[in-house]
Amino acid sequence: MSEILAKYGFLIVPIIKVAILVFVVLTLDAYLTWLERKVIAHIQARWGPHRVGPHGLLQPLADGIKFILKEDPMPVGVDKKAYFFAPFLTLMLALTSLSVIPFGPDITIFGYTTNFGIADVNISLLVLFAITALGVYGIALAGWGSNNKYSLLGGLRSSAQMISYELALTLSVVGVLLIAGDFSLKHIVEKQAGVLGLLSWNIIGFSKDHGSFTQIIGCICFFIAAIAETNRVPFDLPEAESELVAGFHTEYASMKFAMFFIGEYTSMIAVSSLFTILFFGGWLSPFPNSWTLTHYLPSIILVPLGLWVFYDGTRYETILGRIILPGAGAVFTALGIALFLFPSVNELIQGPFWFFGKVGAVLFFYIWMRGTLPRFRYDQLMDFGWKFLLPVSIANVVLTSAVIMWRMK
Amino acid sequence: MISGVLVIFFVLAALAVLGAVSLILQSHPIHSALSLILVMVSLAGLYLLMGAEFIAAVQIIVYGGAVMVLFIFVIMLLNAGVEERTNFSKLATFGGIPLALALGGIIAAAIARSSGHLPPPAASGAMSSTRELSRLLFSEFVYPFELTSFLILVAILGAIVLAQREN
């Protein structure tokens, strides 16, 4: 077994990793739509999806079936190449961008050490930016190829918006690069490790030994630019329903629409992961290393959650819910107890636990903003990007370099 | 001996050439622009193969991303339609074709003469690291670098002046 791994590991392991990642991400996308609908519904004092399965938990499945079974009409006069290529491009680029993200520290399974991510490239940040830079073509082509004036306007807006915000996005990261001195996302995270836990993350940037400076300005600029880059509220002008029907994907239905949808949620996950890595210490725990008791935090969260789901499930209205929910609760509780009993497994999941915890918080923030903020007007968006975000991120670069120079002396 | 690297090289080279040919043959400007993007991305792949990772990434970000988005944006904004086919002009027939053949011949001759002792593709090690690249830019090549930035600044000012004139 280990001989085969040593010989062909470079080929087998990435394939397994890609399969797992695609499965996990697509499931996560599906449940992200459920979470988004639920959270926004509760913000607006509604129930959200609650008919399909207990608490609407099977809604993503129903949506998936609907996407496959719906009729897929093609409008007259479309540019066929662009029309068919655009959704594939969007989904492909969104999924590819996840390949360079490290989800945790290196892991060793059955004596085989590998990085927790698909590819460990020394310029991973640049690769990520290169892939997101190409992402605009999916939307622009969809808008232009659909032979529809609303779609065209959506595509145009999207290209203009992405050109404007890509600059601010890239510049807001330069401060972090100056601190890390490296383009590798793994090194950027490792550089943020310190005895003080969350105080040495880039957003606070408290560290004694090397040149470091708080990146709070860069962090805010990055987050705003990232929302514009992923076309989310309040910058979702390419698909502004009130003005453009559905913007660039007006003429898309069925699976082709689903591809845009999955692409959007996947790039949300990618951007949240990047945000976590750059400013919030990636997979690092917020507590100092010496606090070993915090390693039991996954169990401490899982066991009460499982018990609560079990208790809540027994009182659920439908019979299906009274079976599924207590079952899920029992699984959660068992997982929590298992993690407590097997410390080696517990150590293994520490990195991913914090990483996905932080990514989940960022995603929740995304949804929260969608439920709270109104959409920008188009000229406001452009003014904001060029006249505020860009100068501020350039100022951050100058400030950070000056402080680092001064501290190094 | 055909190694994996060689196979990837030929695939990328073929894609680049195909993209370039399709750029000329396509009748719609958007399809031409898309072919150009294909050329840019395959070129980035070729750079990557030579070990110049930074250049490859920047090639995609700047040319594949920013520059070509502007091209596509302008084509879409002007709503340029399918271009009309014209017959070869006399200049193209009598001047262009011989010149193209001559250029192809010169390149082929240069490759044929130097085959067997081609220099290694990249000064890897010195150029591959971004740190080394930036050190070179700001020490040895600082004047060309500053001149280029000056040129870009002038171009930006020119663009602003042109845009302001209408108001």
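**View 1. Polar contacts between chain A and chain B.** In this predicted model, 3 residue pairs, both at pLDDT 80 or more, are in polar contact between chain A and chain B, where a polar contact is a pair of N or O atoms within 3.5 Å, one able to donate a hydrogen and the other to accept it within protein, and residues adjacent in sequence count only if both atoms are side-chain atoms.

**View 2. The area buried between chain A and chain B.** About 2,000 Å² is buried between the chains, 78% of it on carbon and sulfur atoms; buried area is the accessible area (1.4 Å probe) that two parts lose on being put together, summed over both. On the chain A side, A:Y137, A:W144 and A:L156 lose the most area to chain B, together 29% of what that side buries.

**View 3. Residues in the contact.** With contact meaning heavy atoms within 4.5 Å, 22 residues come from chain A and 24 residues from chain B.

**Notes.** Residues are numbered from 1 along each chain as its sequence is written, and chains are lettered from A and ligands numbered from 1 in the order in which they are written. Local features need pLDDT of at least 70 and side-chain atom pairs count only at pLDDT 80 or more, whereas totals for chains, interfaces and linings use all residues, and side-chain values use heavy atoms, with hydrogens and water left out.
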